[in-house]
Amino acid sequence: MKWLITGATGKLGTQIVHHLSERVGVENVAVSVRNVEKAASLAAQGIDVRHGDFDQPETLTQAFQGIDRLLIISTDGEEATRIRQHQTAVTAAQEAGVKLIGYTSIANAAHSTNGLARTHRVTEEAIQATGIPYVFFRNNWYLENELSTIEAVAQGANWLTAAGEGKVGWALQEEYAQAIATGLTLEQPQAIYELSGPLHTQAELAAAAGAVLNQSVVLDEVDGTTFGERMKAVGLPDFLLPMLIGIQADIAAGTLAVESDDFEALLGRPVTTLEESVRLLLER
């Protein structure tokens, strides 16, 4: 059986390729990348590196030839572009005769009101429409997304949040990669895995960071407008502000408060505790 991972030179993709290779052997792993030169280290390991560009459909159809199980890692960018690129990959998978399509989605994608959910919902529906067996890895939230806040707190800043009591299933990207690699190798994987860690509030994350840093952390709870003003004041560009404010609002609305034991089942162990995850993140 042959597996292929798209976006394999990205942070998540690199880690998935590593864990998948350990499970099935490098000779059974292929990657599809826009820039083959950036994947030189993967090729040196014996991994089959193929050129595949989400903006060039013919390259994806060629890259997916002979692949049994494909993982489409969601692309970055604005919504319309991402949806178009994902549809291109799905069509290419169908044309190439791929036997199973995996996709990195978002928590509760089919019903979520999260601002990022529509891209994933439309992509999931496109994959389902092919009739090809599929497995959706609905990732909650990477703890790495909070690193800039943790680092600011380490320098003496308050923990700024507009997320209220909203809860998030944070986990390290490394654990998502492990779980996804495992799911891709199961003989009969579930169609959907809700990969959510134990749910915590911003206050609990701030406390965990304080425990690791051995310092008192002040929780600075504000509304969305004030949050945006504060972000702008520290130098963040205007184009990022709506997204950052939206994420805080989505967390406050509970869109990431998804409870599931799928993560633990794939890892074969509990998800790393929040405090230990913060410690590991800061040690990198």
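A: The accessible surface of the protein comes to about 12,800 Å², and carbon and sulfur atoms hold 50% of that surface. The model is a predicted one, and every value discussed here is computed from it.

Q: What makes the radius of gyration agree with that of a compact globule?
A: For 284 residues, the globule rule gives a radius of gyration near 19 Å, and the protein has 19 Å, so the value agrees with a compact globule. Along the principal axes, the C-alpha atoms fill a box of roughly 55 × 35 × 35 Å.

Q: How many helices and strands does the protein have, and what share of the residues is buried?
A: The protein contains twelve helices and 13 strands. Of its 284 residues, 51% are buried, the criterion being a relative accessible area under 20%.

Q: What share of the contacts joins residues 24 or more positions apart?
A: Among contacts with a separation of 6 or more, 76% are between residues 24 or more positions apart. A contact here requires heavy atoms within 4.5 Å.

Q: How far apart are the mean positions of the positive and negative charges?
A: The protein has 19 positive and 36 negative charges, and their mean positions are 4 Å apart.

Q: Why is T6 called buried?
A: The cut-off for a buried residue is a relative accessible area under 20%. T6 has 0% and therefore counts as buried. This residue belongs to strand β1. Leaving aside residues up to four places away in sequence, T6 touches S32, F54, F64, L70, L71, I72 and I73.

Q: Which residues of β1 point each way, and are they buried or exposed?
A: W3 and I5 point to one side of β1, while L4 and T6 point to the other; all are buried.

Q: What makes β2 a mostly covered strand?
A: Five of its five residues are buried. V29, V31 and V33 lie on one side of β2, and A30 and S32 lie on the other; both faces are covered.

Q: Which strands pair with β4, and in what sense?
A: Strand β1 (residues 3-6) pairs with β4 in the parallel sense over three bridges. Strand β5 (residues 100-106) also pairs with β4 in the parallel sense, over four bridges. L71 of β4 stands opposite I5, and in β5 the bridge partner of L71 is G102.

Q: What makes both faces of β4 covered?
A: In β4 (residues 69-72), R69 and L71 on one side and L70 and I72 on the other are all buried.

Q: Why is L147 called partly exposed?
A: Partly exposed covers the range between the buried limit of 20% and the exposed limit of 50%. L147 has a relative accessible area of 24% and is therefore partly exposed. The residue lies in helix α6 (residues 147-154). Apart from residues up to four places away in sequence, L147 touches L281 and L282. The C-alpha atoms of L147 and V278 are separated by 8.7 Å, although these residues are 131 residues apart along the chain.

Q: Why is H18 called partly exposed?
A: H18 has a relative accessible area of 43% and is therefore partly exposed. Its place is in helix α1 (residues 11-24). H18 and A203 are 185 residues apart in sequence, and their C-alpha atoms are 34 Å apart in space.

Q: What makes the phi angles of N108 and N214 worth noting?
A: Most residues other than glycine have a negative phi. N108, which is not a glycine, has a positive phi of about 55°. N214 is likewise a residue other than glycine, and its phi is near 60°, a positive value.

Q: Where do N108 and N214 lie, and why is each classed as partly exposed or exposed?
A: N108 is in the loop between β5 and α5 (117-129). With a relative accessible area of 27%, N108 is therefore partly exposed. N214 is in the loop between α8 (202-213) and β13 (219-221). The cut-off for exposed is over 50%; N214, at 72% relative accessibility, therefore counts as exposed.

Technical notes. Residues numbered from 1 in each chain as written. Predicted model: local features only at pLDDT ≥ 70, side-chain atom pairs only at ≥ 80, totals over all residues. Heavy atoms only, no water. Helix = DSSP H or I, 4+ residues; strand = E, 2+ residues; numbered from the N terminus. Rg over C-alpha atoms; globule rule 2.2 N^0.38 Å. Buried < 20%, exposed > 50% of the residue type's maximum accessible area, 1.4 Å probe, protein only. Areas by Shrake-Rupley, 256 points an atom, 1.4 Å probe, with all protein chains shown as cover. Lys, Arg positive; Asp, Glu negative; His and termini not counted. Charge placed at Lys NZ, Arg CZ, Asp CG, Glu CD. Pairing = 2+ DSSP bridges.
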